[in-house]
Amino acid sequence: MPIQYARSLTSHAGSQRTIRHLGFTLAFVAGATNAGAFVAVKLYTSHMTGIVSSMADNLALGQFTLTLGALGAVLSFLLGSMVSAIMINYGRRRA
């Protein structure tokens with residue numbers, strides 16, 4: 001049963017419900033990875049959620065230089081995602 005559920009989440013015919021379930025599952029895994037790694041080595045390891053978590057920690061600790069560095073990484077990721085989406089959609093439309 002679990003493998004059928006996983007296959008339904010990654011199928012091409014995904015509904016809004018399956019997309020939402022996939023998002024919740026990925027967010028849970030990222031959060032669990034961050035929590036486990038922080039307990040084990042005192043460092044957030046998951047990419048974007050880890051950067052945002054460390055940014056919040058640094059902000060709370062008053063380390064504003066590190067907070068700005070993490071903010072720059074988040075903004076770079078978002079900008080790169082937007083540019084990639086624009087380029088991919090442009091390429092698809094132009095074939």
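Residues are numbered from 1 along each chain as its sequence is written, and side-chain values use heavy atoms, with hydrogens and water left out. Because the model is predicted, local features need pLDDT of at least 70 and side-chain atom pairs count only at pLDDT 80 or more, while totals for chains, interfaces and linings use all residues. Helices are DSSP runs (H or I, at least four residues) numbered from the N terminus. Two packed helices are described by the angle between their axes and the distance between the axes. Here the axes are lines fitted to C-alpha atoms over the stretch in contact, and angles run from 0 to 180 degrees between N-to-C directions.

**H3 and H4**

- Helix H3 covers residues 47-60 and helix H4 covers residues 64-94; their axes come within 8 Å and cross at roughly 155°.
- H3 is therefore roughly antiparallel to H4 (angles under 35 degrees count as roughly parallel, over 145 as roughly antiparallel, 65 to 115 as roughly perpendicular and the rest as oblique).
- The H3 and H4 crossing is left-handed, a term used if the near helix is turned anticlockwise from the far one by less than a right angle, with right-handed used if clockwise.
- On the H3 side, the contact (heavy atoms within 4.5 Å) is made by His 47, Met 48, Ile 51, Val 52, Met 55, Asn 58 and Leu 59.
- On the H4 side, the contact is made by Phe 64, Leu 66, Thr 67, Ala 70, Leu 71, Ala 73, Val 74 and Phe 77.
- By class, the contact of H3 with H4 comprises 12 nonpolar, three polar and no charged residues (Ala, Val, Leu, Ile, Met, Phe, Trp, Tyr, Cys and Pro count as nonpolar, Asp, Glu, Lys and Arg as charged, and the others, Gly among them, as polar).

- Asn 58, a residue of H3, is buried, with a relative accessible area of 14% (buried means under 20% relative accessible area, exposed over 50%, partly exposed in between, with a 1.4 Å probe and protein chains only).
- Leaving aside neighbours within four places in sequence, Asn 58 is in contact with Gln 63, Leu 66 and Thr 67.
- Thr 67 belongs to H4 and is buried as well, its relative accessible area being 10%.
- With neighbours within four places in sequence again left aside, Thr 67 is in contact with Met 55, Asn 58 and Leu 59.

**H2 as a single helix**

- Helix H2 runs over residues 16-41; at 1.5 Å a residue its 26 residues should span 38 Å, and its end C-alpha atoms are 37 Å apart, which agrees.
- The expected span is 1.5 Å times one less than the number of residues in the helix.
- Buried residues in H2 are Thr 18, Ala 30, Asn 34 and Ala 37, and the buried residues of H2 pack against helix H1 (2-9) and H3.
- Leu 26, also in H2, is exposed, at a relative accessible area of 54%.
- Thr 25 of H2 counts as partly exposed at 35% relative accessibility.
- Just after H2, Lys 42 takes a positive phi of about 60°.

**H2 with H1**

- The axes of H1 and H2 come within 9 Å and cross at roughly 110°, so H1 and H2 are roughly perpendicular to each other.
- Tyr 5, Ser 8 and Leu 9 in H1 meet Thr 18, His 21, Leu 22 and Thr 25 in H2.
- The H1 with H2 contact divides into three nonpolar, four polar and no charged residues.

**H2 with H3**

- For H2 and H3, the axes come within 10 Å and cross at roughly 55°, which makes H2 oblique to H3.
- The crossing of H2 with H3 is right-handed.
- From H2, Ala 30, Asn 34 and Phe 38 meet Thr 49, Gly 50, Ser 53 and Asp 57 of H3.
- The residues of this H2 with H3 contact are two nonpolar, four polar and one charged.

**Separations**

- Leu 26 and Leu 66 are 40 residues apart in sequence and 27 Å apart in space, C-alpha to C-alpha.
- Thr 25 and Val 39 are 14 residues apart along the chain, with their C-alpha atoms separated by 21 Å.

How values were computed:
Helices (H or I, at least four residues) and strands (E, at least two) are DSSP runs, numbered from the N terminus.
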